[in-house]
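Here is a friendly briefing on a helical packing arrangement. Have a look at the model first, then read on for the details.

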Amino acid sequence: QKVETNFLSRLSVLDDALASVQSQISSLSSATATSSASSNKLQEWMLWKSYFTFQKVRAVSQHTTVLLNGIDENKHAERAHVYQSLYQHANSLLSLEGGDGDEDEFALQAMANCYRLRAYKTYHMGMYYYEQRQQNAQGLALLKHSEKLCNRALEEIAACDEDMEHAEDYMNGLEDLLSSRLVGAVAAVEAAVAMERLMLGASAGGAGATTTVHSSSSSTANSNRSLLQRLDDMDAGPALADIPPSVLPIPCKGVFYDLAYDHAIHHADAMDAIESYINRHLLDEEKTDEGDNNMKRGFFSSFFG
């Protein structure tokens, strides 16, 4: 409560100062005299206006950042709104008087901060589209754009002088966002997009199968086929197995027909020939087993008498 009171009192003082400065600027601008002295005076008041505006934006940004830290990381919509507010305040600094053009260090730092805030805002917007609205394609586009903004912000901050406030913290936060959260988020959304395309039956580059796709996906999801018959379908059909199990034809390899050819061509005695072949081999195996047992009995009998 005390921190909030101090912030409001500080904001009130800055607003009063800005109102006073704006009054002086208005009076000098409407004066008929255009001497060099009045122009210099006007320029001085414009610089004071820039100074008080910067102090106000700085105070509001610090207070908003404290509020942002109290918002849960998973509340993406709220955090996106807060980052948008921070971005608007940071962007207002680019129009302040007193800079030296594009090479002004203050303007470069403000621009780098704008890229940083846009990267965070775009990331939370992408996660909101993915988790809350289930619009995976839009979420993926936003997350990929956030990656580009992160890289651009890192380049801009690194190009600034060492006197940039919180530069190291900003870079650490962006690197964590880029290498940790964005990597996992992009992978998750890409997987969701791939599954969505498989469920719709559309190819990755296809664009004209919307009408037929919907009917096929609904029929797949409502199908009564068993899970074994839906191995290539990305759906959550109700049937898992057939009770009793259904008979499924199994294709045989060519070598099976080669081995069975001699027996299969004789239709009359085919079964007799197969049975005699099986019995003959079974008898051979039984004789082999008996011989092994006799050897074992002879071997153990030598020890046990």
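## How the helices pack

H4 and H6 are roughly parallel to each other, a label for angles under 35 degrees, with over 145 called roughly antiparallel, 65 to 115 roughly perpendicular and the rest oblique. This is a predicted model, in which local features need pLDDT of at least 70, side-chain atom pairs count only at pLDDT 80 or more, and totals for chains, interfaces and linings use all residues. Residues are numbered from 1 along each chain as its sequence is written, and side-chain values use heavy atoms, leaving out hydrogens and water.

**Whole chain**
- The protein chain has nine helices and zero strands, where helices (H or I, at least four residues) and strands (E, at least two) are DSSP runs numbered from the N terminus.
- Of its 305 residues, 26% count as buried, meaning under 20% relative accessible area, with exposed being over 50% and partly exposed in between (1.4 Å probe, protein chains only).
- The protein chain exposes about 20800 Å², and carbon and sulfur atoms supply 57% of that area, computed by the Shrake-Rupley method with a 1.4 Å probe, where for residues only the protein chains shown count as cover.
- Among contacts with a separation of 6 or more, 60% come from residues 24 or more positions apart; contact means heavy atoms within 4.5 Å.

**H4 with H6**
- Helix H4 (residues 105-131) and helix H6 (residues 167-200) pack at about 25°, with axes 11 Å apart; axes are lines fitted to C-alpha atoms, for helices over the stretch in contact, and angles run from 0 to 180 degrees between N-to-C directions.
- H4 residues including Tyr120, Tyr123 and Met127 meet H6 residues including Leu174, Leu177 and Ala185.
- By class, this contact of H4 with H6 has 13 nonpolar, two polar and two charged residues; Ala, Val, Leu, Ile, Met, Phe, Trp, Tyr, Cys and Pro count as nonpolar, Asp, Glu, Lys and Arg as charged, and the others, Gly among them, as polar.

**H3 with H4**
- The axes of helix H3 (residues 76-92) and H4 come within 8 Å and cross at roughly 160°, so H3 and H4 are roughly antiparallel to each other.
- Tyr83, Leu86 and Tyr87 are among the H3 residues in this contact, and Leu117, Lys121 and His124 are among those of H4.
- The residues of the contact of H3 with H4 divide into 13 nonpolar, five polar and four charged.

**Ser61 in H2**
- Ser61 lies in helix H2 (residues 36-69) and counts as buried because its relative accessibility is 18%.
- Beyond its neighbours within four places in sequence, Ser61 is in contact with Leu86 and His89.
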